[in-house]
Structures are given as structure tokens and as C-alpha cells.
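Trainee: I am new to this structure and would like a close look at a single part. Please take me through the surroundings of the ligand.

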Amino acid sequence: MLFYCNGVTMSLDQTVGQIFSWTLQLTSQKDYQELTYCFLGILAEIPWIDNAVAYEIYNHDRKKPGESSVFHERLFRRFPVDITRNDQDDNNNLANLLDQNADLNFSAPFETGLYSWVIFSIKGGSGPDRAIFLEGKFGLDGLDLLNNLRSAYRNLVILHDAKERDALTKLPNRQSLEARLLQVCELYRNYQAIDIKKEQSSWLAILDIDHFKRINDNFGHLYGDEVLLTFSQLMGKCFRYNDFLFRYGGEEFVVILNLINQDHAIAAFNRFREKVAKHIFPTVGQVTVSIGLMHLDSISMPTTQLDHADKALYHAKETGRNKVILYEDMHVIGHDKKRSDIELF
Ligand SMILES: Nc1nc2c(ncn2[C@@H]2O[C@H](COP(=O)(O)OP(=O)(O)OP(=O)(O)O)[C@@H](O)[C@H]2O)c(=O)[nH]1
């Protein structure tokens, strides 16, 4: 039996065999990043697709400078994340084209009945919604084929989200952190354009809620969990969408702050620290956070970088909590202590 797909005649066996082989390829990928690279690679092999780009979608409430009212904005982060890229054009273009309530958006058809672009929405995982933007020439039969592929990809995204994200806060978990750290360092190695002399650098911070054990002991684990959830939401509001947030474990979180100089990085973490201290957590009341941060160089291993941020955090705890300490400053004041006697989670 023959199947006519976007001007290409294929046997039905060939089509079924091809989908089976693609699905097998998708299933064998080890994480969300690899899965999405593989999916884009498969789409690039399809003759009537000229261009395929994947996006993560973030919904943000933001205040305009000098105004008190909050407005809602939708931001599209292109895959793979490239912190040196300005996604503004993509953001404007997609915001106009995408109706997020529809699984499938497409252009007005040409006279031939073919469409020039299609956007598939991927929803339902514990991570952000995603969109796959395709340009080319699409007929209805081609869309059917793509819809089958979309379903396979969507199910796998949901499975990877469940594995790579924390169930309570939905933030990427510790497992995803190392891969992301390697990626950011790689970027600084490859892009000569970035001023690695700390003018436009990335910063790794470990954020640890102070005396969290007392919260659990005094109010119970359910309230402890609510504090963790609210804390993660405050992080989402305070940091920019091109920064990377993680739940590192227990009451510890990690932030990678991108493209920012040292003074602004310290100011951003202090702003967050103050925001937490001012927030009234239901029943629990006031909560504070200690933060240790380090400059992300492009040569150290992730374990070393985490160790340095951890030492700065330990110093913040040791010297009174509710403060931000920069690892690089500790050398100046002669504090590079081993942190062997403290359990963080
Ligand atoms: N509710 C809740 N508690 C957790 C979770 N993960 C870890 N914890 C608790 O977090 C507490 C962390 O306590 P400690 O490591 O002693 O630290 P701390 O009390 O925050 O003290 P400092 O970090 O020194 O300010 C422990 O009691 C853990 O049981 C979680 O997912 N939910």
C-alpha cells in the first residue's frame, strides 16, 4: 500500500518502519537534553522540514521600572540554552504566533493547501511547557506523521521531567545540575566574545535555608515542605529566566546567575536574601537564607566549583547566617576552611 506524504510517495510499511525506528532512537536517550537533540535531529531528516527549533516556555509576572502594577509575560527560551544569545526576536515572533491552548498551531495555507510553519505544544510534564517550531511545507498527511512523533516525544519529555526534576518544587534536581554546569563552562571556553574577566560572567551559588530543622521540629514536615515550595517560587520571581535554578537537596538550592558582573551578582543575591527575610511564610513567619557564591571559571570541575560555593556558604553560616559570602573574598580575609563537620542535608 502506498502513502502520499507532502509530495513524497512512501509505502505504508516504510512509514511505519521509520516511525518505529525514530521512536526507538528517542526512547534510548538518557536525559531531556539528549532526547531533544535527538528529536530535532530526526525532524531535520524529514525532507519537507527546512528548520526545526525547540523552546521552553516560562510565564513571568513582572513590574515595569517605576510602576507598581504587575504584568504577565510569556518568555521563550531556545534549546539548547545559549546565554549569549538575545532571544528577543524569537520571543516577539512566537508570542504572536502561539496559542498555548492549542496543541497544534499553523500558518494560513497557501493556495496549494500546504502550510509554511507549524508549532507543536508539549504540555503536561512537571517542567515548563515546550513548543516545537517548524518551517517548511506541510500538508495534512505530513502533519499526521508529525503528530505521531510529537506524541512519542511528549511522553518521553514527561518521563524525563519526572526523573530530572524535584517532585515538590518542580525545579531541576541535583542530577541535572552537573550537566548544566559543564554546559555553561563550555560556553565560556567557546565564546571569545564574553568578557571572562568577570564583567559578564556566571556565578554559582548555594542557598541554604537557615535553621530549617527547627521549622520541621516546631511546625511539622508539611509546613517545612510549604516553606520549601514558597522559597522556590520566590526564587522563580526574583531571578531572570536565563538564570538556572535547581533544588540541590533538602533545604538547599542552587542558582547559576548568568552574564552579570561581580557587584551586580552580589547585589542580586542580597536582594533575594532580603526578599526572603521580609516574606511572611504562612504559620511559620520569618525565614532567612544563607548564600555562598563563587565565580564560575571555565576550567574547574563541577565538583570543585560546588565545593567552593559550599565553603562560602559554610562561612556565611558560621558568621551569623542571613548573609551572602563570595568565595573569592574569603582568600582576602584568610578563610578557606574545610567544611568537614557540617551536614547540610
Ligand atoms: N520538610 C522537609 N524537610 C526536609 C526535607 N529535606 C530535608 N529536610 C530537613 O531539613 C533539615 C536540615 O537541618 P540541618 O542540616 O540541621 O540544617 P538547619 O537546621 O537548616 O541549620 P543551618 O543550615 O545550620 O542553618 C533536616 O531536619 C532535614 O530532615 C524536605 O524535603 N522536606
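Mentor: What follows goes from the chain as a whole to the ligand shell and then to a pair of helices in that shell. Keep in mind that this is a predicted model.

The protein chain is divided into domain 1, residues 2-164, and domain 2, residues 174-332. The C-alpha centres of domain 1 and domain 2 are 32 Å apart.

Now the ligand. There are 18 residues around the ligand, and those that come nearest are Phe212, Lys213, His221, Gly224 and Gly250. By class, the shell holds eight charged residues, five polar and five nonpolar. Strand S8 (201-209), helix H6 (212-219) and helix H7 (221-238) each supply at least two residues of this shell. H7 gives the most, with four residues.

H6 and H7 also meet each other. Their axes come within 7 Å and cross at roughly 140°. The angle does not exceed the cut-off of 145 degrees for roughly antiparallel, and H6 and H7 are therefore oblique to each other. On the H6 side the contact is made by Phe212, Ile215, Asn216 and Phe219, and on the H7 side by His221, Tyr223, Gly224 and Val227. This contact has five nonpolar and three polar residues, and no charged residues. Phe212, His221 and Gly224 take part in the helix contact and are also among the residues that come nearest to the ligand.

How values were computed. Residues are numbered from 1 along each chain as its sequence is written. This is a predicted model: local features need pLDDT of at least 70, side-chain atom pairs count only at pLDDT 80 or more; totals for chains, interfaces and linings use all residues. A residue is near a molecule or strand if its C-beta atom, placed from the backbone, lies within 6 Å of it. Ala, Val, Leu, Ile, Met, Phe, Trp, Tyr, Cys and Pro count as nonpolar, Asp, Glu, Lys and Arg as charged, and the others, Gly among them, as polar. Domain bounds come from an automatic or database domain assignment. Axes are lines fitted to C-alpha atoms, for helices over the stretch in contact, and angles run from 0 to 180 degrees between N-to-C directions. Angles under 35 degrees count as roughly parallel, over 145 as roughly antiparallel, 65 to 115 as roughly perpendicular and the rest as oblique. Two residues are in contact if their C-beta atoms, placed from the backbone, lie within 7 Å.
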